[in-house]
Amino acid sequence: MLSVQHLNKAFGGLKASDDVSYDFATGSLTAVIGPNGAGKSTFFNLITGALKPDSGRILLDDVDLAGRSPPEIVRAGIGRAFQVASIFRSLTVDETMRAAVGADQGRAAVMFRRFPLAETRDRADHAMEMLGLIDKRHRTAATLSHGDQKLLDIALALVLDPKVLLLDEPTAGMGTEERWRMIDKVRELWEREKITVVFIEHDMDIVFKIAPAIVVLCYGRILATGTPDAIRSNPAVIEAYLGTEQHAGAA
(Lines give C-alpha, C1' and ligand atoms only; values in the text may rest on other atoms or scores of the structure.)
Protein backbone atom coordinates (compact mmCIF):
# COMPACT_ATOMS: atom_id res chain seq x y z
CA MET A 1 0.00 0.00 0.00
CA LEU A 2 1.09 3.57 -0.73
CA SER A 3 0.31 5.76 2.26
CA VAL A 4 0.85 9.53 2.25
CA GLN A 5 0.75 11.00 5.75
CA HIS A 6 0.59 14.70 6.68
CA LEU A 7 2.57 15.76 3.62
CA ASN A 8 3.62 19.42 3.60
CA LYS A 9 5.50 21.52 1.05
CA ALA A 10 5.66 25.31 0.86
CA PHE A 11 7.26 27.67 -1.62
CA GLY A 12 7.71 30.87 0.34
CA GLY A 13 4.27 31.73 1.65
CA LEU A 14 2.48 29.38 -0.76
CA LYS A 15 1.45 26.00 0.64
CA ALA A 16 1.56 23.67 -2.37
CA SER A 17 0.90 20.63 -0.19
CA ASP A 18 -0.94 21.30 3.06
CA ASP A 19 -1.21 18.36 5.46
CA VAL A 20 -2.15 15.88 2.73
CA SER A 21 -2.94 12.34 3.91
CA TYR A 22 -4.36 9.47 1.86
CA ASP A 23 -3.99 5.69 1.56
CA PHE A 24 -3.88 4.15 -1.91
CA ALA A 25 -4.84 0.51 -1.48
CA THR A 26 -2.71 -2.10 -3.20
CA GLY A 27 -4.06 -2.76 -6.68
CA SER A 28 -6.34 0.29 -6.67
CA LEU A 29 -7.04 2.75 -9.50
CA THR A 30 -7.37 6.35 -8.32
CA ALA A 31 -7.82 9.66 -10.13
CA VAL A 32 -6.39 12.88 -8.70
CA ILE A 33 -8.30 15.94 -9.89
CA GLY A 34 -8.57 19.63 -9.08
CA PRO A 35 -8.32 23.10 -10.59
CA ASN A 36 -5.07 24.50 -11.97
CA GLY A 37 -2.71 25.28 -9.11
CA ALA A 38 -4.41 22.78 -6.81
CA GLY A 39 -1.11 21.01 -6.06
CA LYS A 40 -1.54 17.89 -8.23
CA SER A 41 1.89 17.99 -9.88
CA THR A 42 3.53 18.92 -6.58
CA PHE A 43 1.86 15.88 -5.04
CA PHE A 44 3.39 13.60 -7.69
CA ASN A 45 6.76 15.38 -7.45
CA LEU A 46 6.87 14.77 -3.69
CA ILE A 47 6.03 11.09 -4.06
CA THR A 48 8.68 10.53 -6.76
CA GLY A 49 11.45 12.54 -5.09
CA ALA A 50 11.56 15.39 -7.59
CA LEU A 51 10.74 17.59 -4.58
CA LYS A 52 11.59 16.98 -0.94
CA PRO A 53 8.71 17.46 1.51
CA ASP A 54 9.05 19.93 4.36
CA SER A 55 7.43 17.33 6.59
CA GLY A 56 5.33 14.19 6.39
CA ARG A 57 5.79 10.59 5.38
CA ILE A 58 5.44 8.66 2.13
CA LEU A 59 5.18 4.96 2.95
CA LEU A 60 5.32 2.15 0.42
CA ASP A 61 4.67 -1.14 2.18
CA ASP A 62 5.60 0.57 5.47
CA VAL A 63 8.98 1.83 4.17
CA ASP A 64 9.30 5.63 4.39
CA LEU A 65 10.50 7.10 1.08
CA ALA A 66 10.06 10.78 1.96
CA GLY A 67 13.14 12.78 1.00
CA ARG A 68 14.88 9.94 -0.85
CA SER A 69 16.37 10.47 -4.29
CA PRO A 70 14.33 9.68 -7.44
CA PRO A 71 16.50 6.63 -8.35
CA GLU A 72 16.02 5.20 -4.85
CA ILE A 73 12.27 5.69 -5.09
CA VAL A 74 12.15 4.02 -8.51
CA ARG A 75 14.09 1.04 -7.14
CA ALA A 76 11.67 0.88 -4.19
CA GLY A 77 8.79 0.38 -6.64
CA ILE A 78 7.30 3.71 -7.74
CA GLY A 79 7.25 4.51 -11.47
CA ARG A 80 6.03 7.62 -13.24
CA ALA A 81 5.03 8.64 -16.76
CA PHE A 82 5.01 12.36 -17.46
CA GLN A 83 2.55 14.79 -19.03
CA VAL A 84 5.13 15.44 -21.77
CA ALA A 85 6.58 12.09 -22.84
CA SER A 86 10.17 11.71 -21.62
CA ILE A 87 11.69 9.57 -24.38
CA PHE A 88 14.82 9.28 -26.54
CA ARG A 89 13.48 10.46 -29.87
CA SER A 90 16.38 9.13 -31.99
CA LEU A 91 16.16 5.56 -30.64
CA THR A 92 13.81 2.87 -31.84
CA VAL A 93 11.10 1.63 -29.50
CA ASP A 94 13.07 -1.59 -29.00
CA GLU A 95 16.33 0.25 -28.27
CA THR A 96 14.54 2.52 -25.82
CA MET A 97 13.06 -0.39 -23.91
CA ARG A 98 16.32 -2.36 -23.82
CA ALA A 99 18.19 0.72 -22.60
CA ALA A 100 15.70 1.09 -19.72
CA VAL A 101 16.06 -2.57 -18.75
CA GLY A 102 19.85 -2.34 -19.06
CA ALA A 103 19.97 0.70 -16.79
CA ASP A 104 17.88 -1.17 -14.22
CA GLN A 105 20.21 -4.16 -14.49
CA GLY A 106 23.30 -1.97 -14.20
CA ARG A 107 24.47 -2.97 -17.67
CA ALA A 108 24.98 0.17 -19.74
CA ALA A 109 26.07 -1.79 -22.82
CA VAL A 110 22.90 -3.86 -23.07
CA MET A 111 21.30 -1.73 -25.79
CA PHE A 112 24.35 -2.08 -28.03
CA ARG A 113 24.37 -5.87 -28.05
CA ARG A 114 23.37 -7.44 -31.35
CA PHE A 115 21.80 -10.32 -29.45
CA PRO A 116 20.38 -8.97 -26.19
CA LEU A 117 20.31 -11.08 -23.05
CA ALA A 118 17.19 -13.24 -22.78
CA GLU A 119 16.04 -11.53 -19.58
CA THR A 120 16.48 -8.10 -21.15
CA ARG A 121 14.60 -9.11 -24.29
CA ASP A 122 11.76 -10.76 -22.37
CA ARG A 123 11.20 -7.78 -20.07
CA ALA A 124 11.28 -5.32 -22.96
CA ASP A 125 8.95 -7.46 -25.08
CA HIS A 126 6.48 -7.90 -22.21
CA ALA A 127 6.18 -4.14 -21.65
CA MET A 128 5.82 -3.45 -25.39
CA GLU A 129 3.11 -6.10 -25.72
CA MET A 130 1.14 -4.70 -22.79
CA LEU A 131 1.14 -1.20 -24.30
CA GLY A 132 0.46 -2.32 -27.88
CA LEU A 133 3.88 -1.29 -29.19
CA ILE A 134 5.34 -4.64 -30.21
CA ASP A 135 4.54 -4.11 -33.91
CA LYS A 136 6.26 -0.71 -33.77
CA ARG A 137 9.44 -1.89 -32.10
CA HIS A 138 11.69 -0.94 -35.03
CA ARG A 139 10.31 2.58 -35.45
CA THR A 140 12.21 5.52 -33.99
CA ALA A 141 10.38 7.27 -31.18
CA ALA A 142 10.26 10.54 -33.12
CA THR A 143 8.09 8.95 -35.84
CA LEU A 144 5.43 7.69 -33.43
CA SER A 145 2.10 9.45 -33.00
CA HIS A 146 1.64 11.63 -29.92
CA GLY A 147 -0.44 8.89 -28.31
CA ASP A 148 2.12 6.17 -29.01
CA GLN A 149 4.90 8.36 -27.61
CA LYS A 150 2.90 8.61 -24.39
CA LEU A 151 2.40 4.83 -24.40
CA LEU A 152 6.16 4.42 -24.82
CA ASP A 153 6.72 6.67 -21.81
CA ILE A 154 4.36 4.49 -19.77
CA ALA A 155 6.15 1.38 -21.03
CA LEU A 156 9.46 2.85 -19.82
CA ALA A 157 8.00 3.16 -16.32
CA LEU A 158 6.34 -0.25 -16.50
CA VAL A 159 9.44 -2.16 -17.62
CA LEU A 160 11.01 -1.41 -14.21
CA ASP A 161 8.27 -3.54 -12.61
CA PRO A 162 6.79 -0.88 -10.29
CA LYS A 163 4.36 -1.59 -7.47
CA VAL A 164 2.82 1.85 -8.00
CA LEU A 165 2.46 3.61 -11.36
CA LEU A 166 1.83 7.37 -11.44
CA LEU A 167 0.45 8.79 -14.68
CA ASP A 168 0.57 12.57 -15.08
CA GLU A 169 -2.25 13.56 -17.45
CA PRO A 170 -1.92 10.54 -19.76
CA THR A 171 -4.44 11.96 -22.28
CA ALA A 172 -3.06 15.52 -22.47
CA GLY A 173 -2.89 16.95 -25.99
CA MET A 174 -4.89 14.13 -27.60
CA GLY A 175 -7.98 14.19 -29.78
CA THR A 176 -11.17 12.49 -28.66
CA GLU A 177 -10.55 9.09 -30.29
CA GLU A 178 -6.91 8.91 -29.27
CA ARG A 179 -7.79 10.00 -25.72
CA TRP A 180 -10.25 7.15 -25.24
CA ARG A 181 -7.84 4.65 -26.78
CA MET A 182 -5.21 5.73 -24.27
CA ILE A 183 -7.49 5.49 -21.26
CA ASP A 184 -8.79 2.07 -22.37
CA LYS A 185 -5.15 0.93 -22.51
CA VAL A 186 -4.54 2.28 -19.00
CA ARG A 187 -7.56 0.43 -17.63
CA GLU A 188 -6.53 -2.76 -19.44
CA LEU A 189 -3.04 -2.43 -17.97
CA TRP A 190 -4.43 -1.95 -14.46
CA GLU A 191 -6.78 -4.90 -14.71
CA ARG A 192 -4.13 -7.19 -16.19
CA GLU A 193 -1.13 -6.31 -14.02
CA LYS A 194 -2.96 -5.71 -10.71
CA ILE A 195 -0.66 -2.82 -9.81
CA THR A 196 -1.61 0.37 -8.01
CA VAL A 197 -2.32 3.13 -10.55
CA VAL A 198 -2.75 6.81 -9.67
CA PHE A 199 -3.44 9.28 -12.46
CA ILE A 200 -3.95 13.03 -12.81
CA GLU A 201 -6.67 13.90 -15.30
CA HIS A 202 -8.67 17.00 -16.30
CA ASP A 203 -11.25 15.23 -18.48
CA MET A 204 -14.13 14.52 -16.13
CA ASP A 205 -15.85 12.18 -18.60
CA ILE A 206 -12.79 9.93 -18.36
CA VAL A 207 -12.46 10.27 -14.58
CA PHE A 208 -16.09 9.48 -13.84
CA LYS A 209 -16.11 6.52 -16.22
CA ILE A 210 -13.01 4.59 -15.15
CA ALA A 211 -11.85 5.69 -11.69
CA PRO A 212 -13.37 3.74 -8.79
CA ALA A 213 -11.83 6.26 -6.36
CA ILE A 214 -11.20 10.00 -6.76
CA VAL A 215 -9.10 12.45 -4.73
CA VAL A 216 -9.90 16.15 -5.18
CA LEU A 217 -7.15 18.65 -4.38
CA CYS A 218 -7.72 22.37 -3.96
CA TYR A 219 -5.13 24.93 -2.80
CA GLY A 220 -2.80 22.15 -1.72
CA ARG A 221 -5.33 20.41 0.51
CA ILE A 222 -7.60 17.41 0.00
CA LEU A 223 -11.05 18.84 -0.55
CA ALA A 224 -12.87 15.53 -0.93
CA THR A 225 -12.36 11.83 -1.61
CA GLY A 226 -14.81 9.18 -2.71
CA THR A 227 -16.52 7.33 -5.52
CA PRO A 228 -17.49 9.07 -8.78
CA ASP A 229 -21.10 9.40 -7.59
CA ALA A 230 -20.01 10.93 -4.28
CA ILE A 231 -17.63 13.40 -5.94
CA ARG A 232 -20.12 14.33 -8.66
CA SER A 233 -22.70 15.33 -6.05
CA ASN A 234 -20.35 16.91 -3.49
CA PRO A 235 -21.36 20.61 -3.09
CA ALA A 236 -17.81 21.73 -2.18
CA VAL A 237 -16.35 20.02 -5.26
CA ILE A 238 -19.05 21.47 -7.51
CA GLU A 239 -18.34 24.96 -6.22
CA ALA A 240 -14.55 24.73 -6.29
CA TYR A 241 -13.98 22.72 -9.46
CA LEU A 242 -16.80 21.10 -11.39
CA GLY A 243 -19.04 24.15 -11.66
CA THR A 244 -22.77 23.97 -12.17
CA GLU A 245 -22.63 23.60 -15.98
CA GLN A 246 -20.03 20.83 -15.98
CA HIS A 247 -21.78 19.12 -13.08
CA ALA A 248 -25.06 19.15 -14.97
CA GLY A 249 -23.40 17.67 -18.04
CA ALA A 250 -21.66 14.96 -16.03
CA ALA A 251 -24.87 14.10 -14.24
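This is a predicted model: local features need pLDDT of at least 70, side-chain atom pairs count only at pLDDT 80 or more; totals for chains, interfaces and linings use all residues.
I started with strand E7 (residues 164–168): five of its five residues are buried, buried being under 20% relative accessible area, exposed over 50% and partly exposed in between (1.4 Å probe, protein chains only). Residues are numbered from 1 along each chain as its sequence is written, and side-chain values use heavy atoms, without hydrogens and water.

Next, the faces of E7. In a regular strand the side chains alternate between the two faces of the sheet. I found Val164, Leu166 and Asp168 buried on one side, and Leu165 and Leu167 buried on the other.

Then I looked up the neighbours, where strands pair if DSSP finds at least two bridges between them. Strand E6 (residues 78–81) pairs with E7 in the parallel sense over four bridges, and glycine 79 sits opposite leucine 165. E7 and strand E8 (residues 196–200) run parallel too, joined by five bridges; aspartate 168 has isoleucine 200 as its bridge partner in E8. From E7 the chain goes through helix H6 (residues 176–193) to E8, a right-handed β-α-β crossover, meaning the path over the helix runs clockwise with the strands pointing away from the viewer.

On to the rings. I got two aromatic pairs, with ring centres within 6.5 Å; planes under 30 degrees apart are stacked, over 60 edge-to-face, the rest tilted. Tyrosine 22 and phenylalanine 24 are edge-to-face, at 4.7 Å centre to centre and 65 degrees between the planes. For phenylalanine 24 and phenylalanine 43 the centres are 6.3 Å apart and the planes at 40 degrees, so I logged that pair as tilted. It links strand E2 (residues 14–24) to helix H1 (residues 40–48), with the two phenylalanines 19 residues apart. Phenylalanine 24 is buried at 1% relative accessible area, and phenylalanine 43 is buried at 4%.

Last, arginine 232 in helix H8 (residues 228–232). Is arginine 232 buried or exposed? It counts as buried because its relative accessibility is 17%. Its side chain makes a polar contact with the side chain of aspartate 229 at 2.8 Å; I used N or O atoms within 3.5 Å, one able to donate a hydrogen and the other to accept it within protein, with sequence-adjacent residues counting only if both atoms are side-chain atoms.

Definitions and conventions: Rings of Phe, Tyr and Trp (its six-membered ring) pair if their centres lie within 6.5 Å; planes under 30 degrees apart count as stacked, over 60 as edge-to-face and the rest as tilted.
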